[in-house]
Amino acid sequence: MHHLLIFHSITMSQLVLQAGCIQTTLIILMCVTSTFLTALSLSAIATNGTIQAGGPYYVISRNLGVEIGGALGLLFYLGTTIASSMYVLGAIEAIQTGFDLSDKFTFDTQVMALALMFLIASIVSVGVKYVNMGAFIFLGVVLVSVFCLTLGVSLFAADVFDGKLSNDYRIFGDNINSNYTEDPDTKQIPNFFSLLALFYPSVTGIMAGSNRSSVLSSPGKSIPTGTIGAIMTTTLIYISVVWLFGSFVSNEALKADKLIVTAVTFPHELIVKIGIIMSSIGAALQCVAGAPRLLAAIAMDETIPFLRPFMPASPTAEPKRAVWLTWFIASLPTLAGNLDFITPIITMFFLLMYAGCNISCFFLSIVKTPNFRPTFKYFHWSTSLFGFIWCIGLALVISWYTAIVAISLCVILYGYIKSQGAVRDWGDVTQGFLYNVASYTLTALEDSD
């Protein structure tokens, strides 16, 4: 839900302004395809057994081995950490734009972002229970904001409510097709694939259920239902709002105001302005609370020596050292002061993790390991294989050089973990493959006799 309001407030206007309704819908569907296919794989794994601490890292490390699991787990940790930077910058942008606080002093965006990031890390270091307690408040504000925003633009489209916009801005069909122009902030002309990278973080919340599966009463039912239901619902809302704004608000209006969604909020723009800020801060809190626990799970497997200082005293202890490492790493990207420079990196790390989950499920199914018997009836090995290919393909078309850098980093981490001689008897697919080869060979010999 945090992603939903952030998309409406910050990303949607830029996408519709540049790409138009048709291409924006295509962007949404391309991104959702990757998360939907990955959700099918996650659902299969969730119905096969509980996913322990570490979520997607646990899935990959126990199925593809410690080397690939550790490498992709670290990249996913970095992606989640840097995502918090994006949300903090989103909150600051909403504060500056919504309350006319831009350019008050030199590097004001960076200073405000660093201060907010420190505050978030301080809250998380006290205890994640406080983050969970505040989550209901953030969720309530976000739900009200999304409702008021959607109601306002619907009334504007029906010529019943103008909000802060003049009647001249109500032009039907002004944003159906693309209109790529120079972005005043980056001084660059975006293209279809750069906007694809900008939007992708809006669909990256699908791992939330798997990360908490160990505390769910019925993960085999909750994860498939909750994850797939959330993907379908948010996709419908995304596309509906894109066509409402794109069809009835002029291109000039979208260009004039990045937070144009607040101008048509019913009954008052302040509702969504506050909602955007709280949504962004809430999403950042979840990232800063989740990333250290992922790092702690990797460290506790003791396969990566340099992570040993970040092991918590016990599995239930707060990983405070990991929290402050996360704060330090997340603070660095905020110095860029712009979302457009951060989103491609986040996108690559998430896509690689999703690709890893899909290929894990594919191998488990193909090798036919005895312990892989998911009860999720909509799973098939072909969807996992297609999901893997789709995620890698998306990474390459979005930015082939950034994808190559991310893959190269994964290979380097794999080589490092391999060189440490970490061996764990987790029964990964390699053992299943060798078992099948041995079984086939013995059967062939028996038949020849």
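Reply: Start with the whole chain. Of the contacts in the protein with a separation of 6 or more, 83% are between residues 24 or more positions apart. Keep in mind that this is a predicted model. The protein has 16 helices and 0 strands. It has 449 residues, and 53% of them count as buried. The protein exposes about 19600 Å². Carbon and sulfur atoms supply 66% of that area.

Now the close look. Helix α2 covers residues 56-64, and helix α3 covers residues 66-98. Their axes come within 7 Å. They cross at roughly 160°. An angle over 145 degrees counts as roughly antiparallel, so α2 is roughly antiparallel to α3. The crossing of α2 and α3 is right-handed.

Which residues of α2 and α3 make the contact? From α2 come P56, Y57, I60, S61 and L64. From α3 come V66, I68, G69, G70, L72, G73 and F76. G69, G70 and G73 of α3 are in the contact.

Next, the backbone elsewhere in the chain. Most residues other than glycine have a negative phi, and most peptide bonds are trans.

Take the peptide bond between F266 and P267. This bond is cis, with omega about 5°. P267 sits in the loop between α10 (260-263) and α11 (269-300).

Turn to D159. Its phi is near 60°, a positive value in a residue other than glycine. D159 lies in the loop between α5 (128-157) and α6 (192-199). Is D159 buried or exposed? Its relative accessibility is 51%, so D159 counts as exposed.

The loop between α11 and α12 (320-334) holds E302. With a relative accessible area of 42%, E302 is partly exposed.

Go back to the helix pair with the model in view. Follow α2 through residues 56-64, then α3 through residues 66-98. Find Y57 and I60 on α2, and L72 and F76 on α3, which are among the contact residues.

Methods: Residues numbered from 1 in each chain as written. Predicted model: local features only at pLDDT ≥ 70, side-chain atom pairs only at ≥ 80, totals over all residues. Heavy atoms only, no water. Axes fitted to C-alpha atoms, helices over the stretch in contact; angles between N-to-C directions. Helix = DSSP H or I, 4+ residues; strand = E, 2+ residues; numbered from the N terminus. Parallel < 35°, antiparallel > 145°, perpendicular 65-115°, else oblique. Left-handed = near helix turned anticlockwise from the far one by under 90°. Contact = heavy atoms within 4.5 Å. Buried < 20%, exposed > 50% of the residue type's maximum accessible area, 1.4 Å probe, protein only. Areas by Shrake-Rupley, 256 points an atom, 1.4 Å probe, with all protein chains shown as cover.
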